[in-house]
Amino acid sequence: MFPQHRPRRLRTHPQLRRMVRETVLTTSDLIYPLFAVPGEGIANEVKSMPGVFQLSVDKIVEEAKEVYDLGIPAIILFGIPTDKDVDATGAWHDCGIVQKAATAVKQAVPDLIVIADTCLCEYTSHGHCGYLQVGDLTGRVLNDPTLELLKKTAVSQAQAGADIIAPSGMMDGFVQAIRSGLDEAGFQDTPILSYAAKYASAYYGPFRDAAESAPQFGDRRTYQMDPANAREAIKEIELDIAEGADMLMVKPALAYMDIIWRVKEACNLPVAAYNVSGEYSMVKAAALNGWVDEERVVMETLTSFKRAGADLILTYHAKDAAWWLG
């Protein structure tokens, strides 16, 4: 009359639950995004992302030291330039804001891994991720000419000290172009973390405030993936692997855990998941209103990404998570 199997036996004590836990989140899994702006002593909070700031290089260095002391192994840098133009000059110039930040961080915290987001939308006057046809108001990026800009950008970031190059523009062939550029410039050992499956998502809204990168017209659906597609993600990752990617990313994470799982099952490379701005801001807004327990929701969410197959998690919650992990 009694159950023969009682799984609850292994849930009776906190230490016992800890002993049999299948998925363990650690600070080593985390990557913290930072937004660099020109100037000095600047820390502008992003209104739609409470607790996230646009930081001048000196403040970026302070933040990098704190991140390293918390045991977080890496940051990813995004830049907001003083001026924008159709050639995305601020993305690849030797004095670009990401280049300055990367150099400063590596000098101050040499053991912290610096990842450079390699995209152009923050630097173009129209807010799209590459060259457009003159007069085009649809946002259809010219693929092959844009590859040359991405190659120049990646090389300049590596020269500035970036440890990992992370191309995010979803241009066809961008991994191969960047790999050849890095190799030709003597950076054969610099790995590429490809935004291999990046979806045209509504979850990016607050990031556009942080990076000041909203398109001036059109949208990014001609180059970012359709949220309805899963098999296409596998095609994208297979192409990036063939072109020389060392790690792969799925972005966003929360609504795409099935994609994280599929990508992990389909390859033997490290897989990263980007817990994007909209996902962060929803939790923050609910927590500030007292609707959810922020710590429990964040830790459950991050653990779920890892359970789905993510080896690395880019998240604006990284510092808080590191504190909670102890």
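Student: In which sense do strands E7 and E8 pair?
Tutor: This is a predicted model, in which local features need pLDDT of at least 70, side-chain atom pairs count only at pLDDT 80 or more, and totals for chains, interfaces and linings use all residues. Residues are numbered from 1 along each chain as its sequence is written, and side-chain values use heavy atoms, with hydrogens and water left out. Strands are DSSP runs (E, at least two residues) and so are helices (H or I, at least four), numbered from the N terminus, while strands pair if DSSP finds at least two bridges between them. E7 (residues 193-198) and E8 (residues 247-251) share four bridges, and their sense is parallel.

Student: How many residues of E7 are buried?
Tutor: Buried means under 20% relative accessible area, exposed over 50%, and partly exposed in between (1.4 Å probe, protein chains only). E7 is largely enclosed by the rest of the structure, because the buried residues number six of the six.

Student: Which residue forms a salt bridge with arginine 179?
Tutor: A salt bridge requires a side-chain nitrogen of Lys or Arg within 4 Å of a carboxyl oxygen of Asp or Glu. At 3.7 Å between the closest N and O atoms, the partner of arginine 179 is aspartate 246. The pair links distant parts of the chain, 67 residues apart, with arginine 179 in helix H6 (residues 174-184) and, in the loop between helix H8 (231-243) and E8, aspartate 246.

Student: Is lysine 284, which meets glutamate 294 in a salt bridge, buried or exposed?
Tutor: The N to O distance in this salt bridge is 2.9 Å, and the pair links helix H11 (residues 294-308) with helix H10 (residues 277-288). Like glutamate 294, lysine 284 is buried.
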